[in-house]
Amino acid sequence: MLSVFLCEDDPCQRSQLEKYIKDYIMIEELDAQLVLSTDNPYDILHYLIFHTNIKGVYFLDVDLKSDITGIGLASKIREIDAMGKIVFVTTHSELTYLTFLYKVEAMDYIIKDTPGNICQRIQDCLHIANKRYLNDRNTEKKLFKVKVGSQIRGIEHSEIMFFESGLVPHKVILHTFNSQIEFYHTIHELANIGQEFYRCHKSFVVNKTNIKNVDKVGKIIEMVNGEFCLASSRSIKGLLK
């Protein structure tokens, strides 16, 4: 289900936005629900912390009369729901540049000028978000989420070659088709993120679907992108089974 969130500090405007969202969901019979409407940005963050696998659309005012702005809230949401669709609904058109500064990748920036414009733009955002949600659900893409700096990246399992223990304790290097990403994690936990992953060595977890060749004598696994990872004698037997 597509989960819709609304954060607006003005009660009258929040009530009107709720109506736009609920009416469109009902009329179009979307697999979606307005799960939370609030004037408190921390309500949304607390909800996301305690609910996993959220497919979210977030309608946020910029000026929330709080110690956190709507754009700051969007940045924190992005750390939890990397694929969430964020829409700003505000009177502050001059602050659009901040969405680029905070790298929140907003779907839209709706200015509160006329009710008709707001309603249509909200409907357009819900339509696009629902279309993308259905496409993702049908393709069933599996994502591995990794924190890079202050951002969360979602990497498709099919893009991952293998994970390797880094030189720095508690750090792991993720090898994709054409890049490497270093992050904090433990190697033994990564074998459990999907059936296609296998602990082939004390320092490596390999994606079985991207293996090109296994050298049983040299105890080396060649990947489809030309990279190599190590394997132990015992793990090679299990891998070949």
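**Figure 1. The open five-stranded sheet of the predicted model, with parallel pairing**. In this predicted model, five strands are arranged in the order E2-E1-E3-E4-E5 and form an open sheet whose pairing is parallel. The edges are taken by strand E2 (32-38) and strand E5 (108-111), each of which has a single partner strand, so one side of each is left without a neighbour in the sheet. Direction ignored, neighbouring strands of this sheet are turned against each other by 20° on average. Helix H3 (residues 70-80) packs on the sheet, where it touches E1, strand E3 (55-60) and strand E4 (85-90), and the direction of H3 makes about 175° with that of E4.

**Figure 2. Pairing of strands E1 and E2**. Strand E1 (residues 2-7) runs parallel to E2, and six bridges join the two.

**Figure 3. A salt bridge between Glu 8 and Lys 112**. Side chains of opposite charge can pair when their charged atoms come close. The structure holds seven salt bridges, and one of them is formed by the side chains of Glu 8 and Lys 112, with 2.7 Å from N to O. Glu 8 belongs to the loop between E1 and H1, whereas Lys 112 belongs to the loop between E5 and H5, so the pair ties together parts that are 104 residues apart in sequence.

**Figure 4. The second largest pocket and the residues that line it**. Rolling a probe the size of a water molecule over the atoms shows where empty space is left. The second largest pocket holds about 150 Å³ of space, and among the 10 residues of its lining, Gln 13, Gln 16, Leu 17, Tyr 20 and Ile 118 are the closest to its centre. Helix H1 (11-28) and helix H5 (115-139) each contribute at least two residues to this lining, and the largest share, four residues, comes from H1. By residue class, the lining of the second largest pocket is made up of five nonpolar, three polar and two charged residues.

**Figure 5. The hairpin of strands E6 and E7**. Strand E6 (residues 143-148) and strand E7 (residues 151-156) are joined by six bridges and pair in the antiparallel sense. Within this pairing, Phe 144 has Ile 155 in E7 as its bridge partner. Two residues lie between the strands of the hairpin, in which Gly 149 takes a positive phi near 65°.

**Figure 6. Strand E8 with its antiparallel partners E9 and E12**. Strand E8 (residues 160-165) pairs with strand E9 (residues 171-176) over five bridges in the antiparallel sense, and the bridge partner of Ile 160 in E9 is Thr 176. E8 and E9 form a hairpin with five residues between them, and in its turn His 170 has a positive phi of about 70°. E8 also runs antiparallel to strand E12 (residues 204-207), to which three bridges join it; here the bridge partner of Phe 163 is Val 205 in E12.

**Figure 7. The open three-stranded sheet with antiparallel pairing**. Strands in the order E13-E14-E15 form an open sheet of three, paired in the antiparallel sense. Strand E13 (211-215) and strand E15 (228-230) are the edge strands, and each pairs on one side only. From one strand to the next, the twist of this sheet averages 25°. Strand E14 (residues 220-223) runs antiparallel to E15 and is joined to E15 by three bridges, with Ile 220 standing opposite Leu 230 in E15.

Key:
Residues numbered from 1 in each chain as written. Predicted model: local features only at pLDDT ≥ 70, side-chain atom pairs only at ≥ 80, totals over all residues. Heavy atoms only, no water. 1 Å grid on protein atoms, 1.4 Å probe; cavity = no way out; pocket = protein on both sides within 12 Å on 5 of 7 lines; lining within 4 Å. Points joined across faces, edges and corners; volume = space filled by probe spheres on them. Nonpolar A, V, L, I, M, F, W, Y, C, P; charged D, E, K, R; others polar. Pairing = 2+ DSSP bridges. Axes fitted to C-alpha atoms, helices over the stretch in contact; angles between N-to-C directions. Contact = heavy atoms within 4.5 Å. Salt bridge = Lys/Arg side-chain N within 4 Å of Asp/Glu carboxyl O.
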